[in-house]
Amino acid sequence: MADTILVTGGTGYIAGELIDQLLDAGKSVHTTVRDKAKSESRLHQRWPEAGERLKVFQANLERDDGWAEACDGCDAVAHVASPFPLSVPDHPDDLVIPARDGALRVLSAAHGADIKRFVLTSSSAAIAYGHPPGKSTFDESDWTVLENPNVPPYHRSKTVAEKASREWVADNAPDMEFCSINPVAVLGPVANDDVSTSIELVLKLMTGEIPALPQVGFGIVDVRDVAKAHVTALDAPAEKVKGERFALSDRFLWMRDIAEILRVRVPAYAGKVPRRTLPNIMVKAGAAFVPDLKQIAPELGRTRDVSGAHAREVLGIHYIPAKDSIEATARSLVQNGIVKL
Ligand code: NAP
């Protein structure tokens with residue numbers, strides 16, 4: 001059983017929940033941050049009981065230094081860190097290069113430290129995009145079609161990084177027990193006011209920043225299930241995980257469903273949640289001028305239902321219902337003072 005795990009990107013939403021679950025299970029954790037001077041004390045404040053079981057290292061996906069030190073003494077790696085910005089960058093390479101080269105840096109350092117088990121946090125963004133419009137259901141056998149120029153930069157970065165990682169392992173470390181975890185949009189309780197891009201959706205619905213509901217939808221999975229899938233994949237027998245992809249999803253919901261769940265489950269804080277539908281024609285017209293509308297225009301009316309069945313069967317993930325994840329997101333945003341009445 002792996003005793004010391006490297007979790008990259010300890011400041012992140014998913015990495016935070018994963019560190020929580022690993023420490024609760026009695027493991028020791030190495031984690032990396034881009035700026036140790038800024039983040040180390042915050043991480044120790046979040047997990048005061050961890051003491052020597054939590055060590056923080058400085059490493060940037062765009063640089064070589066720090067990764068070997070972070071891997072030293074570890075039995076397994078969960079490579080979670082990757083750029084996940086809210087806005088679309090000027091050039092896809094702004095995301096693709098750090099995502100891909102960063103993953104290869106971490107793989108190479110792990111291999112150099114004789115670490116065999118490597119779990120990559122990929123995404124449904126590497127599965128369900130760039131396909132013909134009629135395709136609406138997806139699983140681990142599907143890959144985002146990089147030849148389609150309309151695949152957005154973030155989705156491109158996750159696809160390129162996962163493909164490059166798999167090729168690197170095949171060429172350089174075929175004995176490595178590599179697998180990827182490919183979640184859809186991750187919701188659930190937040191631990192602080194530094195919210196991930198996926199949480200922004202619920203936040204903007206609650207604050208009224210989204211004034212009307214575009215006809216777009218998302219697969220939803222809870223952050224606690226995403227962390228649990230990582231914990232299980234880090235420890236499972238090699239024959240269950242080696243080479244595998246594990247898509248994680250409870251269900252696909254339209255934005256109007258998410259708004260309705262917020263109204264029913266957290267009525268006191270749902271006063272600003274919109275009821276009106278934003279007509280498709282307005283989204284398309286506004287897409288030329290408003291970056292947010294440009295991002296969602298290709299998603300109008302589009303179902304991308306990614307099956308979470310394989311992870312249920314192999315990793316034993318019994319998904320927290322999306323309705324509960326949405327409620328937990330909302331309540332934690334209130335508890336952390338991010339959403340106020
Ligand atoms: P997050 O809270 O934004 O965390 C991203 C982490 O990556 C942060 O710790 C960030 O560090 C780190 N990072 C970004 N660029 C870096 C760089 N150049 N060098 C080192 N670290 C860097 O996002 P998250 O939601 O937890 O996502 C974590 C992972 O899950 C990502 O790989 C993402 O693609 C994947 N994922 C997320 C979702 C979702 O809906 N949330 C769904 C599927 C997959 P800083 O704090 O220094 O910025």
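These legends go with a set of close-up views of one predicted model. Local features here need pLDDT of at least 70 and side-chain atom pairs count only at pLDDT 80 or more, while totals for chains, interfaces and linings use all residues. Residues are numbered from 1 along each chain as its sequence is written, and side-chain values use heavy atoms, with hydrogens and water left out.

**View 1. The largest nonpolar core has 80 residues.** A nonpolar core here is a set of buried Ala, Val, Leu, Ile, Met, Phe, Trp, Tyr and Cys residues joined through side-chain atoms within 4.5 Å. Buried means under 20% relative accessible area, exposed means over 50%, and partly exposed is in between (1.4 Å probe, protein chains only). Val7, Leu262, Leu315 and Leu333 have the most contacts inside this core. Helix α1 (residues 13-24) gives the most to it, with seven residues; helices (H or I, at least four residues) and strands (E, at least two) are DSSP runs, numbered from the N terminus. A second, separate core has 22 residues, including Leu61, Phe118, Val169 and Phe178.

**View 2. Here is Leu315 with its contacts.** Contact means heavy atoms within 4.5 Å. Setting aside neighbours within four places in sequence, Leu315 meets Ile181, Ala229, Thr232, Ala233, Val241, Phe246 and His310.

**View 3. Phe118 and Phe178 form a stacked pair.** The whole structure holds three aromatic pairs. Rings of Phe, Tyr and Trp (its six-membered ring) pair if their centres lie within 6.5 Å; planes under 30 degrees apart count as stacked, over 60 as edge-to-face and the rest as tilted. For Phe118 and Phe178 the ring centres are 6.0 Å apart and the planes are at 15°. Phe118 lies in strand β5 (residues 117-121) and Phe178 in strand β7 (residues 177-183), so the pair ties together parts 60 residues apart in sequence. Phe118 is buried at 1% relative accessibility, and Phe178 is buried at 3%.

View 4. Over at Trp143, the charged end of Arg245 sits over the ring, 3.5 Å from its centre. The rule for that is NZ of Lys or CZ of Arg within 6 Å of the ring centre and within 35 degrees of the ring normal.

**View 5. Helix α13 (residues 322-335) carries Ala330.** Ala330 is buried, at 0% relative accessibility. Leaving out residues up to four places away in sequence, Ala330 touches Val202, Met206, Leu262 and Val266. Val202 is 128 residues from Ala330 in sequence, yet their C-alpha atoms are 7.0 Å apart. Leu262 is also one of the buried residues of helix α9 (residues 255-265), along with Met255, Ile258, Ala259, Ile261 and Arg263. What covers that buried set includes α6 (197-207), β9 (217-222), β11 (251-254) and α13.

View 6. Arg265 is partly exposed, with a relative accessible area of 27%. Salt bridges with shared partners join Arg265, Asp324, Glu327 and Arg331 into one network.

**View 7. The cysteines shown here form zero disulfides.** A disulfide is counted when a pair of cysteine sulfur atoms lies within 2.5 Å. For Cys71, the nearest cysteine sulfur is that of Cys74, 6.2 Å away. Cys71 is buried, with a relative accessible area of 0%. The sulfur of Cys179 is 16 Å from the closest cysteine sulfur, in Cys71, too far for a bond. Cys179 is buried as well, at 0%.

How values were computed
A salt bridge is a side-chain nitrogen of Lys or Arg within 4 Å of a carboxyl oxygen of Asp or Glu.
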